[in-house]
Amino acid sequence: MLDTLTFLLEKLFLLAHIKLSSLLSPLRRERAGGGGGGGPEREEAPPQPAGAPQKLQRGDLLEVPRTLFIHFGIYLGDNRVAHLIPDVLPAFTTDTKQIQEMVTNTRLLLGVLSKRASIRVDSVEDFAYGAGILLNAMDRAVGRSALPGEEVARRAELLVGSVSYSLLWNNCEHFVTYCRYGTAQSLQTDQFCEWLKSLIRDQRNVVLTALMGLMSMLCLGISSSTALPTFLIPFTLWMAS
């Protein structure tokens, strides 16, 4: 039951990010034009061009936009970045040379769906995948002091290898926050959970869910597979709201 719930939450997380990513560009244009009310949630330093290792220090936290999410890594020095990245390719081949090639967006997304990932070391250029790099921007958002850079890098190096992956509970953000701040945390997951709680608190969703259940009973007939969700899901939402 718990595995099923986690599976559903992860798919909802993906759908939520697809919707948010489609709105991201208009919102940025609106903010740039002075509209939209409040400012951004956190101040961000200008992105550094990909592949500028001389400006990075060992233990720095790097973040770049990647597919639907922000991707994170820990700079190890010598133009190397440790990062937890989903990758479906190891499910089909044991060719180390092929696996070590740059993870494309398709491989990454299929890795998310198959829950396969590894903590690997890549060049800054491969990690950035052509995007600009934000440097230690999370320090202001997390509100905790970063550990010394050498300790951060050593933590990352010790974790290199295959890992279990969960979009909600063990992603690249959990990895870097553990290394840099000592506690695993995902702000993206926290934001999703807050969004989910706001949906649950909105009692209009109880009515909508009940109506959809009644429609399914009218279309598919009354059976345990239609009647039970029709009553159980709205009741659960009502009690949680």
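Predicted model: local features only at pLDDT ≥ 70, side-chain atom pairs only at ≥ 80, totals over all residues.
1. Start with the overall make-up. The protein chain has 241 residues, of which 36% count as buried. Its secondary structure comes to 10 helices and 6 strands. Among contacts with a separation of 6 or more, 68% are between residues 24 or more positions apart.

2. Mean pLDDT for the protein chain is 75, and 60% of the residues reach 70 or more. Confidence is lowest in helix 1 (residues 2-32), with a mean of 43, while helix 6 (residues 149-158) has the highest, at 97. Within residues 4-9 the pLDDT is below 50, and this stretch has 4 contacts in the model beyond near neighbours in sequence. Residues 11-44 also stay under 50; the model gives them 35 contacts beyond four places in sequence.

3. Now to C172, the residue I'd look up next. An unreviewed UniProt entry carries the annotation "active site" for C172, and that annotation may be inferred rather than shown by experiment. In the model, C172 is found in helix 7 (residues 172-181). Is C172 buried or exposed? C172 counts as buried, because its relative accessibility is 9% and the cut-off for buried is under 20%. Leaving out residues up to four places away in sequence, C172 touches I70, H71, F72 and L84.

4. The model has 3 cavities of 30 Å³ or more, and the largest cavity holds about 150 Å³ of space. There are 14 residues lining the largest cavity, and those closest to its centre are F69, I70, Y165, L167 and C172.

5. Strand 2 gives the largest share, 3 residues. By type, the lining divides into 10 nonpolar, 3 polar and 1 charged.

6. Stay in helix 7 for V176. V176 counts as buried because its relative accessibility is 0%. Apart from neighbours within four places in sequence, V176 is in contact with L61, F72, G73 and I74. Take I74 as an example: I74 and V176 are 102 residues apart in sequence, yet 6.4 Å apart in space, C-alpha to C-alpha.

7. Most residues other than glycine have a negative phi. Y129 is not a glycine, but has a positive phi of about 55 degrees. You'll find Y129 in the loop between helix 4 (124-128) and strand 5 (134-135). Y129 counts as partly exposed, because its relative accessibility is 31%. N136 is another residue other than glycine with a positive phi, near 55 degrees. N136 sits in the loop between strand 5 and helix 5 (138-142), and counts as buried because its relative accessibility is 14%.

Methods: Residues numbered from 1 in each chain as written. Heavy atoms only, no water. pLDDT = per-residue confidence, 0-100. Helix = DSSP H or I, 4+ residues; strand = E, 2+ residues; numbered from the N terminus. Contact = heavy atoms within 4.5 Å. Buried < 20%, exposed > 50% of the residue type's maximum accessible area, 1.4 Å probe, protein only. 1 Å grid on protein atoms, 1.4 Å probe; cavity = no way out; pocket = protein on both sides within 12 Å on 5 of 7 lines; lining within 4 Å. Points joined across faces, edges and corners; volume = space filled by probe spheres on them. Nonpolar A, V, L, I, M, F, W, Y, C, P; charged D, E, K, R; others polar.
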